[in-house]
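Visitor: I am new to this structure and would like to learn how to read it. Please take one feature at a time.

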Amino acid sequence: MQGPMDKFIKKRKTDDDGANEANENQTKEKSKSPLKQKKIPSIKEDKFKLNPTKKDDPNSKFYSSYESFIDSLGTWKEPLKYFINPPNNSQMKSIYAFVKKEYETKTIFPPRNLIFNAFSTTPWDKVKVVIIGQDPYPNPGDAMGLSFSVPRTQRIPGSLINIYKCLEKDEKIKFIRPKHGDLSSWAEQGVFLINATLTVECKKANSHQKNSGWSKFTDFVIKQISSQKKNVVFLLWGRFAIDKSSLIDSSKHLIIKNIHPSPLAQTKGDFTKSTQFSQTNEYLEKNGLEPIKWEIK
C-alpha cells in the first residue's frame, strides 16, 4: 500500500523521466540539423592534414621494398620503365635507399604517401601543362607533393600569392583569388606540378637537392614528356626551371619563361604582368585540347 510520499516520489520520477526523454529527443533533433552536424572530412582532405614527425606513421614506416616504392608511380611506370626497371634502375634504387634512410631517421617532407602525389593526381595520359618547382616547402604541414601548392589548412605562400595576382591581371582569365593554396584542381585537369627534388628535410630548404639523386629522375621525366608527347605547355619560372628548357623539344611544345614568382625575385621584374595562363589556354585550344579552368574553388 502506497502512502502520500510514495505517490509523490513516483510522480516526481515520472516527470523527471519525461523531461529527460524530451531533452534526449531535442538533442537528437539538433544532431539531425545540417547546421549542427560536424563535417566529416573526406579522405582527400585527410591525407593533407598529416604533419609528419619521426613518430608519425607516414615517416616511421617507409615503403618496405623498392617495388612498393615505384608502384606509387601508377600510370607513369610504363613511360618511365627504362629508369625504374632492371637493368637500368641503379640510380632509382640509390634514390630509394637514400630517401628511406632519411625518412626513418629524420623529419622529412612531404609525408611519404605524397612523395609521388604529382604523378598520382595527374596521370600520364592527362598531362597538358608542366610547372616545374625546385623542392618541397620545408615548413611543417606545407608540402603536399605538388609544386607551389599547400593544403587548404595552411597559409598561402608568397610565391603562390604572386601566381594568383598574375591570374587576376590576365584579362582573358576569369579568376577570383581563393582563400587557400591547394592546386589539386589544376593537377586533376592535367597540370603536372612537379618539383625537381621530391623530398626535403624539415626547415632545411634544398637539403636533398645534391645528394638524393632526385634531379636525375625528374630530368628523365621531363625528357620523356618531351619525347613521347606533343603540344604540352611548359611554364618555366626562374633560372633553375629555365635551365630545364634544354631537355624540351621546342618544335613540339610551347615553352613560356618568366622570372620566379617568389617575392624575393621581384627586383628582376614583375612576374604578375605576364599573360602566360591565357597563352597556355590559347595554345591548347589551337591544338584541339581542352583549356585549363584556372579558377580554384
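Guide: Start with F217, which touches L73, L80, F83, I84, M92, I95, F116, F119 and L198, leaving out residues up to four places away in sequence. Contact here means heavy atoms within 4.5 Å. This is a predicted model, in which local features need pLDDT of at least 70 and side-chain atom pairs count only at pLDDT 80 or more, while totals for chains, interfaces and linings use all residues. Residues are numbered from 1 along each chain as its sequence is written, and side-chain values use heavy atoms, with hydrogens and water left out.

Visitor: Which residues touch the most other members of the largest nonpolar core?

Guide: In soluble globular proteins, nonpolar side chains tend to be buried together. A nonpolar core is a set of buried Ala, Val, Leu, Ile, Met, Phe, Trp, Tyr and Cys residues joined through side-chain atoms within 4.5 Å. Buried means under 20% relative accessible area, exposed over 50%, and partly exposed in between (1.4 Å probe, protein chains only). Here the largest core has 73 residues, and M92, F119 and F217 touch the most other members. Helix α10 (residues 214-228) gives the most to this core, with six residues. Of the protein's 297 residues, 45% count as buried.

Visitor: How many helices and strands are there?

Guide: The protein has 12 helices and six strands. Helices (H or I, at least four residues) and strands (E, at least two) are DSSP runs, numbered from the N terminus.

Visitor: In what order do the strands of the open sheet lie?

Guide: Two strands pair if DSSP finds at least two bridges between them. Four strands form this open sheet, in the order β3-β2-β5-β6, with parallel pairing. The edge strands, β3 (191-195) and β6 (254-258), each pair on one side only. On average, neighbouring strands are turned by 20° against each other, direction ignored.

Visitor: Why is β2 described as largely enclosed?

Guide: In a regular strand the side chains alternate between the two faces of the sheet. Five of the five residues of β2 are buried, so the rest of the structure largely encloses this strand. On one side V129, I131 and G133 are buried, and on the other V130 and I132. V129 stands opposite V191 in β3 and opposite V233 in β5. The bridge partner of I131 in β5 is L235.

Visitor: Which helices pack on the sheet, and which strands do they touch?

Guide: Helix α10 lies across β2, β3 and β5, running at about 155° to β3. Helix α12 (residues 276-286) packs on the sheet against β2, β5 and β6, and its direction makes about 165° with that of β5. Axes are lines fitted to C-alpha atoms, for helices over the stretch in contact, and angles run from 0 to 180 degrees between N-to-C directions.

Visitor: Is S159 buried or exposed?

Guide: S159 counts as buried because its relative accessibility is 11%. S159 lies in helix α8 (residues 158-169). Leaving aside neighbours within four places in sequence, S159 is in contact with F148, H260, P261, S262 and P263.

Visitor: What share of contacts joins residues 24 or more positions apart?

Guide: Such pairs account for 68% of the contacts in the protein with a separation of 6 or more.
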